[in-house]
Amino acid sequence: MAVENVKIYLQKQGWNREILMFTHSSATVELAAEAVGVEPARIAKTLSFYTEDKEGAFIVVVAGDKKIDNRKFKESFGMRARMVSFEDVEKMTGHPVGGVCPFANPDGVEVYLDESLRRFESVFPAAGSDRSAVELSCGELERYSHARAWVDVCK
């Protein structure tokens, strides 16, 4: 269901390509890189964090080979990084664990893109399931995700 929502969402944005579907899981960076046939760094890892009041969530998309730097995160967002719990992920992002992506999220879920992605001509975020992805340039990712800003929050 989430993949279909992503497809409809992207088509409404003017995207006219196919979602890549895999026969095996692409839920981790390593599995996604293997499924797509690219280096792990080009997987656009979509991380979900609680808002300060823990009532909502926001998303930060980072390169697959990067990790969040807590100091930079706090400088950028004015709060400590608290990842959304496994139990809350689908409810708060609209997508299951392994398929979280920066598209077709519930209202109020803001998207940020990390500078670590800019070194690639194209990247591969998930597309709503743990067996899907789309290939996008960084400009397309910014446009289709309606990213609020580019941030520098990785080590």
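The legends below describe close-up views of a predicted model.

**View 1. Strand β3 and its two neighbours.**
Strand β3 covers residues 57-63. Seven of the seven residues of β3 are buried, so the strand is largely enclosed by the rest of the structure. On one pairing, β2 and β3 run antiparallel and are joined by seven bridges. Within this pairing, Thr 46 stands opposite Val 61 of β3. In another pairing, β3 runs parallel to β4, with four bridges between them. Here Phe 58 has Glu 110 of β4 as its bridge partner.

**View 2. The hairpin of β2 and β3, with Lys 54 and Tyr 50.**
Six residues lie between the two strands of this hairpin. Lys 54 takes a positive phi there, near 65°. The charged end of Lys 54 sits over the ring of Tyr 50, at 4.6 Å from the ring centre. Tyr 50 also takes part in a second contact, in which its side chain and that of Asp 88 are joined by a polar contact of 2.5 Å. Asp 88 belongs to the loop between α3 (70-77) and α4 (89-93). Its relative accessible area is 19%, and the limit for a buried residue is under 20%, so Asp 88 counts as buried.

**View 3. The aromatic pair of Phe 58 and Phe 77.**
A pair of aromatic rings is described by the distance of the centres and the angle of the planes. The model holds eight aromatic pairs. In one of them, the ring centres of Phe 58 and Phe 77 are 4.9 Å apart and the planes stand at 45°, so this pair is tilted. The pair links distant parts of the chain, as Phe 58 is in strand β3 and Phe 77 is in helix α3, 19 residues apart. Both Phe 58 and Phe 77 are buried.

**View 4. The aromatic pair of Phe 77 and Tyr 112.**
Phe 77 also forms an aromatic pair with Tyr 112. This pair is edge-to-face, with 4.9 Å from centre to centre and 80° between the planes. Distant parts of the chain are again linked: Phe 77 lies in helix α3 and Tyr 112 in strand β4 (residues 110-114), 35 residues apart. Phe 77 has a relative accessibility of 19% and therefore counts as buried. Tyr 112, at 10%, counts as buried too. Ring pairs link Phe 77 and Tyr 112 into a cluster with Phe 49, Phe 58 and Phe 73.

**View 5. Strand β5 and its two partners.**
Strand β5 consists of residues 122-125. Ser 122 and Phe 124 point one way from the strand, while Val 123 and Pro 125 point the other way. All of these residues are buried. Strand β2 (residues 43-50) runs parallel to β5 and is joined to it by two bridges. In this pairing, Ala 44 has Pro 125 of β5 as its bridge partner. Strand β7 (residues 136-137) runs antiparallel to β5, and two bridges join them. Here the bridge partner of Val 123 is Leu 136 in β7.

**View 6. Arg 118 and the ring of Trp 150.**
This view shows a charge over a ring. The charged end of Arg 118 sits over the ring of Trp 150, and its distance from the ring centre is 3.9 Å.

Methods
Residues numbered from 1 in each chain as written. Predicted model: local features only at pLDDT ≥ 70, side-chain atom pairs only at ≥ 80, totals over all residues. Heavy atoms only, no water. Buried < 20%, exposed > 50% of the residue type's maximum accessible area, 1.4 Å probe, protein only. Polar contact = N/O pair within 3.5 Å; in protein donor to acceptor, adjacent residues only side chain to side chain. Pairing = 2+ DSSP bridges. Phe/Tyr/Trp six-rings, centres within 6.5 Å; stacked < 30°, edge-to-face > 60°. Lys NZ or Arg CZ within 6 Å of the ring centre and 35° of its normal.
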